[in-house]
Every structure is written in structure tokens, then in C-alpha cells.
Amino acid sequence: LKDRAVVSRLVAEENRDRGALYGEIVRANQLGNTAAAKVSAIFARTFRDKAESGWWVQDDGGSWRKK
């Protein structure tokens, strides 16, 4: 249970950092307020494409599958 709390905290921190990164990309490129979702989708697709066979990946709908 203790390990689960640590992992949950780390995932939340990673997601927060990733959101900040995407926000900076949007601001630096003057893409407008609605572009954050598009930037996020581009990164997600890139991460999925680079994932190795056998890794679990999350699709655009939020479902997990083994690559």
C-alpha cells in the first residue's frame, strides 16, 4: 500500500510536469489556448510509436493495450 502511494504521487508529478512542458510549447510557438490538447496528442502518438513490442500503451480513448 505504501509503494502504491509513492507510485501514484510520482505519476501525478510526471503528469503535472508534462502538462507544464506542453503549455510552454504552446506559449513559445504562440499556438493559442486550444492547442495544448493537440500538442499532447502529438506527444502521445510519438511515445506509442516508439514503445517497444510487449509494452503496455494507452490509446487515444484511454484504453490500455499491449503493443
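Reader: Quick one on Arg48: buried or exposed?
Author: Buried, because its relative accessible area is 15%, and the cut-off for buried is under 20%. Bear in mind that this is a predicted model.

Reader: OK, and which element is Arg48 in?
Author: Arg48 sits in helix H2.

Reader: What does Arg48 touch, leaving aside its neighbours within four places in sequence?
Author: Arg48 is in contact with Val57, Gln58, Asp59, Asp60 and Lys67.

Reader: Let's move to the helices. How do H1 and H2 cross?
Author: H1 covers residues 2–28 and H2 covers residues 35–50. Their axes come within 9 Å and cross at roughly 120°, so the two helices are oblique to each other. The crossing of H1 past H2 is right-handed.

Reader: Which residues meet there?
Author: On the H1 side you have Arg18, Tyr22, Ile25 and Val26. From H2 come Ala35, Ala36, Val39, Ser40, Phe43 and Phe47. Sorted by class, that contact has 8 nonpolar, 1 polar and 1 charged residues.

Reader: Which residues of H1 are buried?
Author: Tyr22, Gly23 and Val26 are buried in H1. H2 is part of what covers the buried residues of H1. Tyr22 and Val26 also turn up among the H1 residues that meet H2.

Reader: How far does H1 reach from its first C-alpha to its last?
Author: With 27 residues, H1 reaches 39 Å, close to the 39 Å expected at 1.5 Å a residue.

Reader: And what about Gln30, where is that and what's its phi?
Author: Gln30 follows H1, and its phi is positive, near 50°.

Note on methods
Residues numbered from 1 in each chain as written. Predicted model: local features only at pLDDT ≥ 70, side-chain atom pairs only at ≥ 80, totals over all residues. Heavy atoms only, no water. Axes fitted to C-alpha atoms, helices over the stretch in contact; angles between N-to-C directions. Helix = DSSP H or I, 4+ residues; strand = E, 2+ residues; numbered from the N terminus. Parallel < 35°, antiparallel > 145°, perpendicular 65-115°, else oblique. Left-handed = near helix turned anticlockwise from the far one by under 90°. Contact = heavy atoms within 4.5 Å. Nonpolar A, V, L, I, M, F, W, Y, C, P; charged D, E, K, R; others polar. Buried < 20%, exposed > 50% of the residue type's maximum accessible area, 1.4 Å probe, protein only. Expected span 1.5 Å × (residues − 1).
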